[in-house]
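Hi,

Here is the structure I promised to pass on.

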Amino acid sequence: MCSCGCGGSHKHDELVPMVGVITDIKDQTPDVKTFRVVSPQGGKLFEHMPGQCAMLAVPGVGEAMFSITSSPTNKEYQEFSIKRCGTLTDYLHTMEVGDEITVRGPYGNSFPVETALKGQNLLFIAGGIGLAPLRSVINYVLDKRENYGSVEILYGSRSMQDLVGLDEIQNDWSKRDGVDVYLTIDREQPEWDGHVGFVPSYLKELEFSTDKTVLVCGPPIMIKFVLAALQEMGFEKTQVFTTLELKMKCGIGKCGRCNIGSKYVCKDGPVFRCDEIDELPDEY
């Protein structure tokens, strides 16, 4: 739906910023908030697919690219989970319900939920804020449950307090049929009775069978060790997808900041199959 009031009757231009109204703000961790955004007339600003990003801006403060963390199956609003880590994000964290930002998008490709992932058993592996880009895919899959096989989610963070969306994970995802959730934190805490250890180590402990397609997102060092662990377990790189959206800047292939070898992350990605990443220089 366009925010111009046309009811979506003309083509949406992803280069034109639209006004978004913040209707809800949820504190996820000490430094991550999830913002719910709608058009001034109500409803979503535009359609997107899981894994795509949007450019959020506060005029006079700055703009940056963020994953759209809500599922496309949600027709009422879009959500963005944002970690406080710079000038714009500091400002966004001071905003309140009713405040306005500008949004443009969607940018990049998406996880192949209607092609390569369809009918597959899925294993999601996330670290820290890396759960945010995968949340859109997970909820899409859960809303279209009959199109996919088993769903397993392995998620880890530094501490219990740094697990993004713990309420949704424990009260929704983990209670769904055919869904198994495995949580871990880096170091022991008195109030935590779950698994303790890094994600790649826990992955090897769990000894998943290789009849799955894997979706990975997290800090680059975590992704590196997860990919190594998956190969050790017998997974092929063609079975693994990841997203490099952290490298996206302008979103339209003009600034060159996300150029890696022959690829532009914003135009060719941010979602890549891991054998495609092998063809890129090591800098990713």
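F208 counts as buried, because its relative accessibility is 8% (buried means under 20% relative accessible area, exposed over 50%, partly exposed in between, with a 1.4 Å probe and protein chains only). Before I go on: this is a predicted model, where local features need pLDDT of at least 70, side-chain atom pairs count only at pLDDT 80 or more, and totals for chains, interfaces and linings use all residues. Residues are numbered from 1 along each chain as its sequence is written, and side-chain values use heavy atoms, with hydrogens and water left out.

Back to the rings. Searching the whole structure turns up two aromatic pairs (ring centres within 6.5 Å, with the six-membered ring used for Trp; planes under 30 degrees apart are stacked, over 60 edge-to-face, the rest tilted).

Next, the helix to look at is α2. Of its 13 residues, 12 are buried, so α2 is largely enclosed by the rest of the structure. The largest nonpolar core has 31 residues, and F124, L134 and I138 are among those with the most contacts inside it (a core is a set of buried Ala, Val, Leu, Ile, Met, Phe, Trp, Tyr and Cys residues joined through side-chain atoms within 4.5 Å). α2 gives the most to this core, with seven residues. F124 touches L134, V137, I138 and V141, among others, leaving out residues up to four places away in sequence (contact means heavy atoms within 4.5 Å).

Finally, the sheet. Six strands form an open sheet in the order β4-β3-β6-β1-β2-β5, with antiparallel pairing (two strands pair if DSSP finds at least two bridges between them). β4 (62-67) and β5 (78-83) stand at the edges with a single partner strand each, so one side of each has no neighbour in the sheet. Strand β3 (residues 53-58) is joined to β4 by six bridges, and A57 has E63 as its bridge partner in β4.

Cheers

How values were computed: Helices (H or I, at least four residues) and strands (E, at least two) are DSSP runs, numbered from the N terminus.
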